[in-house]
Amino acid sequence: MPLLALIVAVVPTSAHAGGGNEAEAPVAQAQGGRQNQNLTVETRIRTTVNGAPETAKTGTLTPVNTNWNPPACWYEPAYSPKEIQATVKAIRQMKVFGIGDFVGGILDSHFKEGHPYKNYNLDKQGEGQFWAASINEKRKDDPEANSCKKLPFWVADGETPKEPLAVTPKVLAEYAYDELPVPSTEISMAPQGTTKVNLPTWVWLDKAKFKKVSVTASIPGSGLSATTTAEPVSLSIAPGTEDAETYPASGECPIEDHRIGVPRAKGTPADTVPPCGVKYLRSSGDGSYDLQATVTWKISWTSTTGEDGYLPEGRFGADQQVEVEEIQSINR
């Protein structure tokens, strides 16, 4: 491990990490971090969730576009001049093998001695902050997490950093994408569990669960905030065998009247074709078929700056075991 990385990994800062469901989580002291030779910080981004069923099992979306992922790192407001000064002082107090003085000297050259900053910018206290790299904890092993290599840089209040990886409303929206708690795809079926060869099986989803879900991501005190919203648009059915037919034939059941599919009413003839379902053409024998049900979610975002747009659609699904029996006939 590089010497600077070894030091900054254990240096406390006054930045905060956040997150929550329905309300902001309690503020907790964060730790300075490291990424190669860089001085990083745990993110101060806070998230709030709206629309997720409190009792439902939830998961995270997989982007339909396999070439896109939420950001692995970015730069965000992190240190005041006094906090940078305190950080370097804490490093110097580590006397093991003289490492503290060595690394402190490197940082002082950057923040104190005019290369490029003088005296930690203490004369600008309250007029801006040093922005530092933050690594998305969920994507810390992605190669892109190594993209934020700069030491903290100064940004005056009201200015927009020229750095391409600086946090923006869109970056917040993309971060919120990773935090969307979409409900698990627990489909209802009729007949349930065991069905018959050549008879349609009706499939539907609980109308109450599949509503819009949104996450708002913000950095306190920055004025930056973005809300990302996921809206279910269709259910994809994969029967688990080629010896099956789906309804509709595409296997994509659309949202209609705020629901996916409809329950089979009592008294409905067994051979009635459902608006969403599957018909197995061969028995599963002593085993079962692995039916996969996947919901596609449309993703949009808005922000406090007026910027908005769409992000790649996401999918989340689950498997369900289905036993298929031959229809028993009676010979007279």
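I began with Pro116, which I found in the loop between α3 and β8. The model I am reading is a predicted one, and I keep that in mind for each entry below. The peptide bond that joins His115 and Pro116 is cis, with omega at about 10 degrees. I then looked up Tyr120, whose place is also given as the loop between α3 and β8. Phi of Tyr120 is near 60 degrees, which is a positive value in a residue other than glycine.

Next I turned to Pro248, which lies in the loop between β16 (244-247) and β17 (252-256). Here a cis peptide bond joins Tyr247 and Pro248, and I noted an omega of about -5 degrees.

**Entry on the helix pair**

I looked up how helix α2 (residues 81-92) and helix α3 (residues 99-111) are placed, and found that their axes come within 7 Å and cross at roughly 160 degrees. An angle over 145 degrees counts as roughly antiparallel, and α2 and α3 are therefore roughly antiparallel to each other. I also recorded that the crossing of α2 and α3 is left-handed. On the side of α2, the contact is made by Ile84, Val88, Ile91 and Arg92. On the side of α3, Gly100, Asp101, Val103, Gly104, Gly105, Leu107, Asp108 and Phe111 take part. Sorted by class, the residues in this contact of α2 with α3 are six nonpolar, three polar and three charged.

**Entry on the largest pocket**

Which residues lie closest to the centre of the largest pocket? I first noted that about 430 Å³ of space lies in this pocket. Its lining has 23 residues, and those closest to the centre are Pro77, Trp131, Glu159, Ser222 and Leu224. When I asked which elements give two or more residues to the lining, I found β8 (128-135) and β9 (153-156). Of the elements, β8 gives the most to the lining of the largest pocket, with three residues. I wrote down the classes of the lining residues as 12 nonpolar, seven polar and four charged.

**Entry on the cavity**

How many cavities of 30 Å³ or more does a search of the whole structure find? The search finds one, and I noted that about 30 Å³ of space lies in the largest cavity. I then listed the residues that line the largest cavity, which are Leu205, Asp206, Phe210, Ile255, His258, Arg259 and Ile260. By class, this lining of the largest cavity is made of four nonpolar residues, one polar residue and two charged residues.

Notes: Residues are numbered from 1 along each chain as its sequence is written. This is a predicted model: local features need pLDDT of at least 70, side-chain atom pairs count only at pLDDT 80 or more; totals for chains, interfaces and linings use all residues. Side-chain values use heavy atoms; hydrogens and water are left out. Axes are lines fitted to C-alpha atoms, for helices over the stretch in contact, and angles run from 0 to 180 degrees between N-to-C directions. Helices (H or I, at least four residues) and strands (E, at least two) are DSSP runs, numbered from the N terminus. Angles under 35 degrees count as roughly parallel, over 145 as roughly antiparallel, 65 to 115 as roughly perpendicular and the rest as oblique. A crossing is left-handed if the near helix is turned anticlockwise from the far one by less than a right angle, and right-handed if clockwise. Contact means heavy atoms within 4.5 Å. Ala, Val, Leu, Ile, Met, Phe, Trp, Tyr, Cys and Pro count as nonpolar, Asp, Glu, Lys and Arg as charged, and the others, Gly among them, as polar. On a 1 Å grid over the protein atoms alone, a cavity is a set of points where a 1.4 Å probe fits but cannot get out, and a pocket is an open set with protein on both sides within 12 Å along at least five of seven lines; lining residues have an atom within 4 Å of a point. Grid points are joined across faces, edges and corners, and a volume is the space filled by probe spheres set on the points.
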